[in-house]
Amino acid sequence: MVEELVTAGVTLASVGVVYAMAAARVVKQYERGVVFRLGRLRPEVRGAGFTMVVPFVDKLRKVNMQIVTMPVPAQEGITRDNVTVRVDAVVYFKVVDAADALVQVEDYRFAVSQMAQTSLRSIIGKSDLDDLLSNREKLNQGLELMIDSPSIGWGVQIDRVEIKDVSLPETMKRSMARQAEADRERRARIINADAELQASKKLAEAAEQMSEQPAALQLRLLQTVVAVAAEKNSTLVLPFPVELLRFLERAAPAAPAAPAAPVTPVAPVAPQPVQEQLPPAESHSDPEPEGSISGQD
């Protein structure tokens, strides 16, 4: 009798152990457990830690609550200013309602991926090339809003969307390079012209000051001589004032004019009488009578 009781106790303990092993579940800290009992959703969501379910009746589905980083494949489209580009992006999202993520949509990851691709192509068609290259923050916000609107009912929250890269055709790259080069050259010419204008104004002011004080011009000439002689060379340049040359030119006597060549008188030529030439007289000869024979017998 005792042996039977022991056997029954061991059997019950074994069954209990097997039942506990079949019913025991462990939910990790970054997961949430959703229980379906005979296919019906249970209202409570199991938190992190140890939990029990009814074996062969309940089915526990674990949902990751971490932020998911999903790359969006490169999408090719035409911008509003008719430029063909390829744009890829990355989406950061997380599940905020585990039950809706499993019940409301079949595969929330695939749904978010397709919605991101569609929204990215729509953003490309609504934007200009300059916005894609320089005003990405505004486009990121618009793209995030477009993806987040339909995903609210899926229990998914879009945390951030970033446009990662914009690929341009080679012809467009060369055109933009030429445009940038022309713009730099234009700015360089403007800066150079502005510098010339400022220098001319300063030189005009300096010339005005030197015209009032002639000694300043001499001092400037001496400074130029010192600057030239400071270098180690064998040539010394002495500036010669232009005013001195003009003074010497005015002081020089005028050169005498060269005598004119004598003119030889030419004797008048007597006019020659003009003889009138008559046309030569025409010789008239009697025509030979018809039928006559000229010649010697």
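Two strands are taken to pair if DSSP finds at least two bridges between them, and the strands, like the helices, are DSSP runs numbered from the N terminus (strands are E, at least two residues; helices are H or I, at least four). In this predicted model, local features need pLDDT of at least 70 and side-chain atom pairs count only at pLDDT 80 or more, whereas totals for chains, interfaces and linings use all residues. Residues are numbered from 1 along each chain as its sequence is written, and side-chain values use heavy atoms, with hydrogens and water left out.

An open sheet of three strands has the order β3-β2-β5, with antiparallel pairing. Its edge strands, β3 (40–46) and β5 (58–64), each pair on one side only, and the twist from one strand to the next averages 25°, where axes are lines fitted to C-alpha atoms (for helices over the stretch in contact) and angles run from 0 to 180 degrees between N-to-C directions. Four bridges join β2 (residues 31–37) to β3 in the antiparallel sense; F36 has L41 in β3 as its bridge partner.

Contact here means heavy atoms within 4.5 Å.

Helix α5 (residues 136–151) comprises 16 residues and reaches 22 Å from its first C-alpha to its last, close to the 22 Å expected at 1.5 Å a residue; the expected span is 1.5 Å times one less than the number of residues.

The buried residues of α5 are L139, N140, L143, I147 and S151, buried meaning under 20% relative accessible area, exposed over 50%, and partly exposed in between (1.4 Å probe, protein chains only). They lie on the same side of α5 because they cover an arc of only 105° around the axis, the arc being that of the directions from the helix axis to the C-beta atoms. On the other side of α5, K138 and L145 are exposed. The buried residues of α5 pack against β7 (84–95), α3 (108–126), α4 (129–134) and β8 (156–167).
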